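Please keep the sequence and the model at hand while reading.

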Amino acid sequence: MPLESMSKLSLAVASVFLAVACGGGGGGEVVAAPTPTPPSTAAPQLTTLHSGLSNPWGLALLPDGRMLVTQKAGSLLLLSADGRSTLATISGVPAVVSAGQGGLLDVALDPDFASTPWVYLSYSEPGSGAEAGRSGTAVARGRLVGNALQDVAVIFRQAPKVSGGGHFGSRLVFSNDKTLFITLGERQLGSPAQDLAQTLGKVVRINRDGSIPAGNPALGAGARPGIWSYGHRNPQGAALHPTSGELWLSEHGPQGGDEINIARAGANYGWPVKSYGCNYGSPISEGCRLGGGVHAPAFIEPLTYWVPTSVAPAGLVFYTGAMFPEWRGQLFSGALAGQALWRLQLSGNTVASREAMFASLGERFRDVRQAPDGALLLLTDSGKLIRLAR
């Protein structure tokens with residue numbers, strides 16, 4: 001390098017050193033400002049934690065991170081906190097009718113589980129006596145002690161029990177006041193959903209011991225105690241809104257007409273009088289929609305619905321975690337026939353947009369829950385527990 005160039009370089013280096021040493025004329029040591037860490041924009045990734053489950057249906061997270069998973073044939077499994085190992089099969093589970101869509105279905109923990117470790121199970125219960133050969137959705141609870149349920153008692157029975165193996169509904173959601181919502185299908189019979197003397201096609205609200213709480217709607221003489229809302233077909237997804245505390249439902253339609261609804265006290269959601277779906281066997285078109293499709297003014301319009309074919313929504317959760325800040329306040333639903341995880345973007349109580357995620361996997365997503373770290377946990381009919389995280 002020519003001497004002249006070296007001199008200029010030395011001068012420049014010296015100037016920089018002097019500026020740093022003297023604070024650059026600012027009267028103190030110069031410290032570089034930390035570079036802010038941008039929120040992660042990594043793409044969501046699916047990781048299969050467990051692939052040896054048998055028709056899993058419902059999932060509950062214990063306070064220590066371990067998981068309870070129901071299997072439709074009638075077993076309740078205890079999984080490790082990382083979801084990769086089956087630690088035990090819980091004893092004390094009631095007998096179930098595992099046929100068609102029936103079996104051991106949802107599972108929920110008592111709101112005060114840390115001090116009163118009750119576990120609640122919904123299932124298809126076999127009839128006896130005059131109801132032998134029939135079945136109906138029931139809910140039992142038992143205290144989890146070690147690997148056993150103790151003091152097991154039935155706290156609710158759908159009435160009447162009927163023949164057939166379809167539409168048990170069966171999601172369990174505790175309200176903020178610690179009462180229990182139970183979603184009940186109409187057992188593929190249609191008209192009982194409008195009959196207040198039956199609990200087919202209803203949402204019921206009970207206390208934790210099975211008694212009827214104050215504040216349930218007054219539905220008139222002959223209405224069966226406990227009914228909260230009616231006119232439902234087969235609600236297999238339910239979640240409590242994190243702000244309003246209202247119960248949101250996903251419901252199966254026939255050919256098309258799957259719905260998202262808010263289950264409000266005393267409200268009638270129209271099945272089987274009104275639906276945006278068509279009867280099975282009908283050529284699918286707007287002309288075959290039951291009752292013309294439009295629910296209002298006699299019944300409650302769904303927030304959104306799927307046409308022309310059904311996705312069979314199952315499992316429902318509002319996202320409130322930190323892992324995906326861009327998803328906060330959005331609604332996630334599994335889908336069976338639709339073989340996807342649906343993400344619904346909300347504006348208040350309006351569904352602004354919908355996206356079918358992971359449809360290429362060909363999985364029937366049965367349940368979806370949020371883990372404490374903000375990941376989503378998914379159960380599939382193929383026997384997988386999958387973690388959605390970044």
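Strand S2 (56–61), strand S6 (104–109), strand S10 (172–174), strand S14 (235–240), strand S18 (313–318) and strand S22 (365–370) each contribute at least two residues to the lining of the largest pocket. Strands here are DSSP runs (E, at least two residues), numbered from the N terminus. The model is predicted: local features need pLDDT of at least 70, side-chain atom pairs count only at pLDDT 80 or more, and totals for chains, interfaces and linings use all residues. Residues are numbered from 1 along each chain as its sequence is written, and side-chain values use heavy atoms, with hydrogens and water left out.

A pocket is an open set of points on a 1 Å grid over the protein atoms alone, where a 1.4 Å probe fits, with protein on both sides within 12 Å along at least five of seven lines; lining residues have an atom within 4 Å of a point. A volume is the space filled by probe spheres set on the points.

| Pocket | Volume | Lining by class |
|---|---|---|
| Largest pocket | about 800 Å³ | 18 nonpolar, 4 polar and 5 charged residues |
| Second largest pocket | about 170 Å³ | 7 nonpolar, 1 polar and 3 charged residues |

The largest pocket has a volume of about 800 Å³. Of its 27 lining residues, Leu172, Val173, Phe174, Val317 and Arg369 are the closest to its centre. The lining of the second largest pocket includes Leu49, Leu61, Asp82, Asp373 and Arg387.

The whole structure holds 1 disulfide (a pair of cysteine sulfur atoms within 2.5 Å). The bond joins Cys278 to Cys288, with an S to S distance of 1.9 Å. Both cysteines lie in the loop between strand S16 (258–263) and strand S17 (304–306), 10 residues apart. The link of Cys278 and Cys288 is right-handed, with 80 degrees about the S-S bond.

Asn268 is buried, its relative accessible area being 11%. Beyond its neighbours within four places in sequence, Asn268 is in contact (heavy atoms within 4.5 Å) with Gln194, Tyr230, Gly231, Phe299 and Ile300.

Note on methods: Helices (H or I, at least four residues) and strands (E, at least two) are DSSP runs, numbered from the N terminus. Ala, Val, Leu, Ile, Met, Phe, Trp, Tyr, Cys and Pro count as nonpolar, Asp, Glu, Lys and Arg as charged, and the others, Gly among them, as polar. Buried means under 20% relative accessible area, exposed over 50%, partly exposed in between (1.4 Å probe, protein chains only).
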